[in-house]
Amino acid sequence: MNSERTTNYTNQMTDDYYPNGAVMLLQEAMARARMRESQRVAAEERLARRLTSARRWSRLSRWAARHAAEANRAL
């Protein structure tokens, strides 16, 4: 079977299933799924970094407050 006949057959099948011409190829669907998954992972990583940063700054502020209190007592 030559590629032109295959292409015509494929186009005919997609026209039957997608009459408005909204053809979503398997590769496109998989690419979109991979993109959504990578965006979800990136969002989770951003959230994890924000939480880690918040804990780090919280520890630093407690240390600075203790350090300042000790410095005030020494005076």
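This report covers the salt bridges and surface patches of one predicted model.

Residues are numbered from 1 along each chain as its sequence is written. In this predicted model, local features need pLDDT of at least 70, side-chain atom pairs count only at pLDDT 80 or more, totals for chains, interfaces and linings use all residues, and side-chain values use heavy atoms, with hydrogens and water left out.

**Salt bridges**

How many salt bridges does a search of the whole structure find? The search finds two. A salt bridge here is a side-chain nitrogen of Lys or Arg within 4 Å of a carboxyl oxygen of Asp or Glu. One joins R40 and E37, and their closest N and O atoms are 2.5 Å apart. The other joins E44 and R40, again with closest N and O atoms 2.5 Å apart. Together, bridges with shared partners link E37, R40 and E44 into one network.

Where do R40 and E37 lie? Both are in helix 2, which spans residues 26-74. Helices are DSSP runs (H or I, at least four residues), numbered from the N terminus. R40 and E37 are three residues apart, about one turn of the helix. E44 and R40 are four residues apart in helix 2, so about one helical turn separates them.

**Exposure**

Relative accessible area sorts residues into classes: buried is under 20%, exposed is over 50%, and partly exposed is in between (1.4 Å probe, protein chains only). Here are some residues of interest.

| Residue | Relative accessible area | Class |
|---|---|---|
| R40 | 38% | partly exposed |
| E37 | 38% | partly exposed |
| E44 | 46% | partly exposed |
| R59 | 48% | partly exposed |
| W57 | 56% | exposed |

**Surface patches**

Patches are made of residues with over 30% relative accessible area and no salt bridge. Like charges are joined within 9 Å, and nonpolar side chains (Val, Leu, Ile, Met, Phe, Trp, Tyr) within 5 Å.

Which residues form the positive surface patch? They are R55, R56, R59, R62 and R66. Lys and Arg count as positive, Asp and Glu as negative, while His and the chain ends are not counted. For Arg, the place of the charge is taken as CZ. R59 sits in helix 2.

W57, L60 and W63 make up a nonpolar surface patch. Their accessible area together is about 380 Å², computed by the Shrake-Rupley method with a 1.4 Å probe. W57 also lies in helix 2.

How values were computed: Helices (H or I, at least four residues) and strands (E, at least two) are DSSP runs, numbered from the N terminus.
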